[in-house]
Amino acid sequence: MSNGHFLHRMAVLTGVAAAALAPAAPAFAEPLWPNGPNVPGVPAIIPAEAPCSPAARACLRLSTNEVWLMDNGRVVYGPTPMSHGMDGYETPTGVFDVDFKRPYHWSTMHHAPMHYAVFFNGDIAFHIGPVQAESHGCIRLTEPGAVAVYHYLNPGDIVEVVA
């Protein structure tokens with residue numbers, strides 16, 4: 001077999017092998033939740049109903065560390081992970097109004113930044129923070145979650161916190 005013929009056969013076999021291994025088209029999954037990521041090969045997760053009233057614009061469930069953004073009882077974002085107050089600094093349950101929001105707030109009490117802060121119930125706020133650690137009462141969110149909450153909620157909106 002000549003060297004040229006051998007190289008031609010190898011090129012053909014390599015092309016056939018590459019074509020057999022290449023997918024016909026990229027596989028896309030539905031988002032894991034509304035406005036969530038598409039993860040190839042992972043089936044869509046249908047979000048559970050949020051446990052709050054239709055009046056809530058934000059719904060927090062402390063027992064599962066989840067936050068939803070709501071519009072007339074319909075989930076528009078979430079659930080997104082969160083953390084809340086530790087023993088002695090519990091986040092209270094109840095129905096609250098959003099008081100004010102600031103894209104950058106400095107906590108003089110804890111000497112720490114609170115990016116995308118949305119305050120409700122006085123000094124309790126949603127803000128970016130480690131969702132793996134409990135807080136002094138605030139709702140810590142991932143950056144995407146905090147940005148979504150900040151842009152969605154406005155002063156006067158209802159925040160419901162359930163156990």
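**Entry 1: order of elements**

I read the predicted model along its sequence and noted the pattern α-β-β-β-β-β-β-β-α-β. My tally of the secondary structure is two helices and eight strands.

**Entry 2: the whole chain**

I looked up how much of the protein is covered. Of its 163 residues, 35% count as buried. The accessible surface comes to about 9,400 Å². Carbon and sulfur atoms account for 61% of that surface.

I then turned to contacts between residues at least 6 apart in sequence. Among these, 49% join residues at least 24 apart.

**Entry 3: cysteines**

How many disulfides are there? I counted one disulfide. Cysteine 52 and cysteine 59 form it, and their sulfur atoms are 2.1 Å apart. I looked up its handedness next. The torsion about the S-S bond is about 75 degrees, so this disulfide is right-handed.

**Entry 4: aromatic pairs**

I found four aromatic pairs in the structure. One of them joins tyrosine 116 and tyrosine 150. Their ring centres are 5.5 Å apart and the planes are at 70 degrees, an edge-to-face pair. Where do these two tyrosines sit in the chain? Tyrosine 116 is in strand 5 (residues 112–120), and tyrosine 150 is in helix 2 (residues 143–152). The two are 34 residues apart, and I noted that the pair links distant parts of the chain.

I compared the cover on each ring's residue. Tyrosine 116 is at 26% relative accessibility and counts as partly exposed, while tyrosine 150 is at 12% and counts as buried.

My next pair was phenylalanine 120 with phenylalanine 126. The ring centres are 5.2 Å apart and the planes are at 45 degrees, so I wrote this pair down as tilted. The cut-offs explain the label, because under 30 degrees would be stacked and over 60 would be edge-to-face. Both phenylalanine 120 and phenylalanine 126 are buried. Together with Phe96, Phe120 and Phe126 form one aromatic cluster.

I came back to tyrosine 150 for one more item. What sits over its ring? The charged end of lysine 101 does, 4.7 Å from the ring centre.

**Entry 5: nonpolar cores**

The largest nonpolar core here has 24 residues. Which of its residues touch the most other members? I found Phe126, Leu153 and Val159. Helix 2 gives the most to this core, with five residues.

I followed valine 159 in detail, not counting residues up to four places away in sequence. Among the residues that valine 159 touches are Ala58, Leu60, Gly94, Val95 and Val98. Valine 159 also touches Phe96, Phe120 and Phe126, the three residues I had listed as one aromatic cluster. Leu153 is another of its contacts.

There is a second, separate core of seven residues. Its members include Ala50, Cys52, Ala56 and Met70.

Conventions:
Residues are numbered from 1 along each chain as its sequence is written. This is a predicted model: local features need pLDDT of at least 70, side-chain atom pairs count only at pLDDT 80 or more; totals for chains, interfaces and linings use all residues. Side-chain values use heavy atoms; hydrogens and water are left out. A disulfide is a pair of cysteine sulfur atoms within 2.5 Å. Helices (H or I, at least four residues) and strands (E, at least two) are DSSP runs, numbered from the N terminus. Buried means under 20% relative accessible area, exposed over 50%, partly exposed in between (1.4 Å probe, protein chains only). Contact means heavy atoms within 4.5 Å. Accessible areas come from the Shrake-Rupley method with a 1.4 Å probe; for residues, only the protein chains shown count as cover. Rings of Phe, Tyr and Trp (its six-membered ring) pair if their centres lie within 6.5 Å; planes under 30 degrees apart count as stacked, over 60 as edge-to-face and the rest as tilted. A charge sits over a ring if NZ of Lys or CZ of Arg is within 6 Å of the ring centre and within 35 degrees of the ring normal. A nonpolar core is a set of buried Ala, Val, Leu, Ile, Met, Phe, Trp, Tyr and Cys residues joined through side-chain atoms within 4.5 Å.
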